[in-house]
Amino acid sequence: MAANTIVNVHTHTETSPSKIPPTNTIDSHSVLRRLQSELMALMMSGDCGISAFPEEDNILLWKGTIQGSKDTVFEGTEYKLSLSFPNDYPFKPPKVKFLTTCFHPNLDLHGAICLDILQDKWSSAYDVRTILLSIQSLLGEPNISSPLNQEAAELWSNQEEYRKKVQKLYKSTNA
């Protein structure tokens with residue numbers, strides 16, 4: 001047996017290392033193509049108040065931006081997000097986190113988001129654009145029955161006080 005020979009323990013056959021196909025080559029190429037396609041679609045969509053781009057040379061790590069929608073307590077605010085795509089995307093959702101502090105019933109103090117489509121309601125039909133639009137929508141229409149931030153959930157019913165709290169926190173962390 002040659003020094004560089006690999007033996008398959010199940011079939012006891014020999015294979016040279018150069019003939020072993022690289023693992024996940026097809027999967028990583030399809031993920032790359034999918035994310036490149038989603039980037040182009042997002043750039044061409046013309047949706048107001050959302051954007052996202054890969055970080056430097058890693059297509060699996062993106063930085064996103066969401067602006068608070070008009071006529072909500074978040075109007076005039078802009079939030080930075082990180083999106084981290086797993087190797088088996090789109091079959092598993094990306095990990096999305098707020099980098100900018102945001103006072104919201106469905107966000108915790110560390111930027112974690114409670115949004116069903118990023119958890120148990122994930123579908124491979126969703127894309128970056130859908131995720132960003134869903135988060136933007138969540139800002140103005142939180143699910144207060146499932147809060148990560150109890151204080152924000154309790155204050156939500158008083159929109160004027162809530163707006164003051166959002167603006168105070170937003171200005172202090174973005175000054």
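Is Asp71 buried or exposed? Asp71 counts as exposed, at 67% relative accessibility. Here, buried means under 20% relative accessible area, exposed means over 50%, and partly exposed is in between (1.4 Å probe, protein chains only). Let us walk through the rest of the structure from there.

**How to read the model**

This is a predicted model, in which local features need pLDDT of at least 70 and side-chain atom pairs count only at pLDDT 80 or more, while totals for chains, interfaces and linings use all residues. Residues are numbered from 1 along each chain as its sequence is written, and side-chain values use heavy atoms, with hydrogens and water left out.

**The overall layout**

The chain has four helices and six strands. Helices (H or I, at least four residues) and strands (E, at least two) are DSSP runs, numbered from the N terminus. Starting at that end, the order of elements is β-β-α-β-β-β-β-α-α-α. Of the 175 residues in the chain, 34% are buried.

Contacts tell you how the chain folds back on itself. A contact means heavy atoms within 4.5 Å. Among contacts between residues at least 6 apart in sequence, 51% join residues at least 24 apart.

**Inside: the nonpolar core**

A nonpolar core is a set of buried Ala, Val, Leu, Ile, Met, Phe, Trp, Tyr and Cys residues joined through side-chain atoms within 4.5 Å. The largest one has 37 residues, and Phe74, Phe98, Ile113 and Ile135 have the most contacts inside it. Two or more residues of this core come from each of α1 (25-45), β3 (50-55), β4 (58-67), β5 (78-84), β6 (95-98), α2 (128-140) and α4. The largest share, six residues, is given by α2. For a closer look, pick Ile135: apart from neighbours within four places in sequence, Ile135 is in contact with Ile66, Leu81, Val96, Phe98, Ile113, Leu115 and Leu118.

Helix α1 gives the most to the patch, with three residues. Met44 has its place in α1 and counts as exposed at 66% relative accessibility.

**Charged pairs**

Side chains of opposite charge can pair when their charged atoms come close. A salt bridge is a side-chain nitrogen of Lys or Arg within 4 Å of a carboxyl oxygen of Asp or Glu. The structure holds seven salt bridges, including these:

| Salt bridge | Closest N and O atoms |
|---|---|
| Glu55 and Lys63 | 3.1 Å |
| Glu78 and Lys80 | 3.3 Å |
| Lys164 and Glu161 | 3.4 Å |

Glu55 is partly exposed at 28% relative accessible area, and Lys63 is partly exposed at 38%. Lys164 and Glu161 both lie in helix α4 (residues 159-173), three residues apart, about one turn of the helix. Lys164 is partly exposed at 47%, as is Glu161 at 36%.

**Cysteines**

How many disulfides does the structure hold? The count is zero, where a disulfide is a pair of cysteine sulfur atoms within 2.5 Å. Cys48 counts as exposed at 67% relative accessibility, whereas Cys102 is buried at 8%.

**Loops worth a look**

Asp71 sits in the loop between β4 and β5 and has a positive phi of about 65° although it is not a glycine. Glu56, in the loop between β3 and β4, has a positive phi too, near 25°. Glu56 is exposed, with a relative accessible area of 83%.

In the loop between β6 and α2 you will find Asp127. Asp127 and Ser37 are 90 residues apart in sequence and 9.8 Å apart in space, C-alpha to C-alpha. Not counting residues up to four places away in sequence, Asp127 touches Arg34, Glu38 and Tyr89. Tyr89 also takes part in a cis peptide bond to Pro90, with omega near 10°. Pro90 is placed in the loop between β5 and β6.
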